[in-house]
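Visitor: I have a model open and would like to learn how to read its features. Could you walk me through a few of them?

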Amino acid sequence: QEPAGAPKQALGRRLATLNRVAAVAFVLGGSLFAVGALLAQLGVGTMKSVNVTYLVGGFFFSLGGYTSILMVVNAARGENGRGTEGPMRWWGYLPHRRDWLSAAVLFAGTLLFAVSLVAAFAQGLTPRQSDGWIWLPDILGCVCFLVSGRLAMLDLGGGHVEVHVHVLAWWVVAINQLGSVLFFLAGIAAFIRPATSAEVDAGLVNWGTFVGAACFAIGGVAQLFDKPTTT
C-alpha cells in the first residue's frame, strides 16, 4: 500500500524537475541571446552565425515558456480537491489563474520571437518587409514578455504589485521584468526606417538585447534555487 502523502511527494518531485528544466532553459536562452548580441555589436563572425545563435537561444526560451505552463497545470492538481495523483499533464487551460496566464503569454511571446528569428534568415528584404516579418513579431513578443511579467507580479502580490525582497520568486520575476523592459527598448530601436534602410539605433538594439538577455540568464540561475509549490 502506498504511504499517505506519497502522491503529493511525487508531484513535488515532478514540479522540482520541471522547475529545473525551465530554469536551465532560461539560462541557456538568455546566455545565447547575450552572445548573439555581443557578436553583432563587436562585428565578430557572419550575420548568419549571429542569427543561428539567436535562433538556438529562441528555442530554449520557448522551452522555458512551455515548461512554465506545465508547472502551473501540474501544480494545480490539488485545486478544488481534485487530488495530486496521475501522470504528467502536458497541457491545460486555466485562464482564471494569473500564473497560468503569465506563463501562457510568455510562451506566446517566445513563439512570436521564433517567427522573427526565422524571418531574419531571409535575403533581400525591403525595409517594409523587414519591419513586417522581423520587427513586428519581435516587438509583439516583447510586449508579451512585459504583460507576462506584470501578471506574475500581480500573482505574487495577490492582485497588487508589491515588493517582497525576502521572497526568491519575487526576485526571479523582478529580474526577468527588467530584462523584458530592455528587450522592449531594443525592439523599438530595431525598427527599420524606410528612408535610410537602417535601424533606429543599432547600438541600443545590441546592448539592450545583451543586458536584457543577461537578466533572463541571471533570473534562470535564481529560479534554480526556488522551490515550486502545489496548489
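Visitor: At what angle do helix α3 and helix α4 pack, and how far apart are their axes?

Guide: Two packed helices are described by the angle between their axes and the distance between the axes. Here α3 (residues 98-119) and α4 (residues 127-156) meet at about 165°, and their axes are 8 Å apart. That makes the two roughly antiparallel, a label for angles over 145 degrees. Axes are lines fitted to C-alpha atoms over the stretch in contact, with angles from 0 to 180 degrees between N-to-C directions. Helices are DSSP runs of H or I with at least four residues, strands are E runs of at least two, and both are numbered from the N terminus.

Visitor: Which residue classes make up the contact of α3 with α4?

Guide: The contact has 18 nonpolar, six polar and four charged residues. Nonpolar covers Ala, Val, Leu, Ile, Met, Phe, Trp, Tyr, Cys and Pro; charged covers Asp, Glu, Lys and Arg; the others, Gly among them, are polar.

Guide: A word on the source: this is a predicted model, where local features need pLDDT of at least 70 and side-chain atom pairs count only at pLDDT 80 or more, while totals for chains, interfaces and linings use all residues. Residues are numbered from 1 along each chain as its sequence is written, and side-chain values use heavy atoms, leaving out hydrogens and water.

Visitor: How many aromatic pairs are there?

Guide: Rings of Phe, Tyr and Trp (its six-membered ring) pair if their centres lie within 6.5 Å; planes under 30 degrees apart are stacked, over 60 edge-to-face, and the rest tilted. The count comes to 19 pairs. One of them, Phe33 with Tyr54, is edge-to-face, at 5.2 Å centre to centre and 75° between the planes. Phe33 lies in helix α1 (residues 6-42) and Tyr54 in helix α2, so this pair ties together parts 21 residues apart in sequence.

Visitor: Is Phe33 buried or exposed?

Guide: Buried means under 20% relative accessible area, exposed over 50%, and partly exposed in between (1.4 Å probe, protein chains only). Phe33 is buried, at 7% relative accessibility, and Tyr54 is buried at 13%.

Visitor: Where does Ser197 lie, and what is its phi?

Guide: Most residues other than glycine have a negative phi. Ser197 is not a glycine, yet its phi is positive, about 55°. Ser197 lies in the loop between β1 (192-193) and β2 (198-199).

Technical notes:
Parallel < 35°, antiparallel > 145°, perpendicular 65-115°, else oblique.
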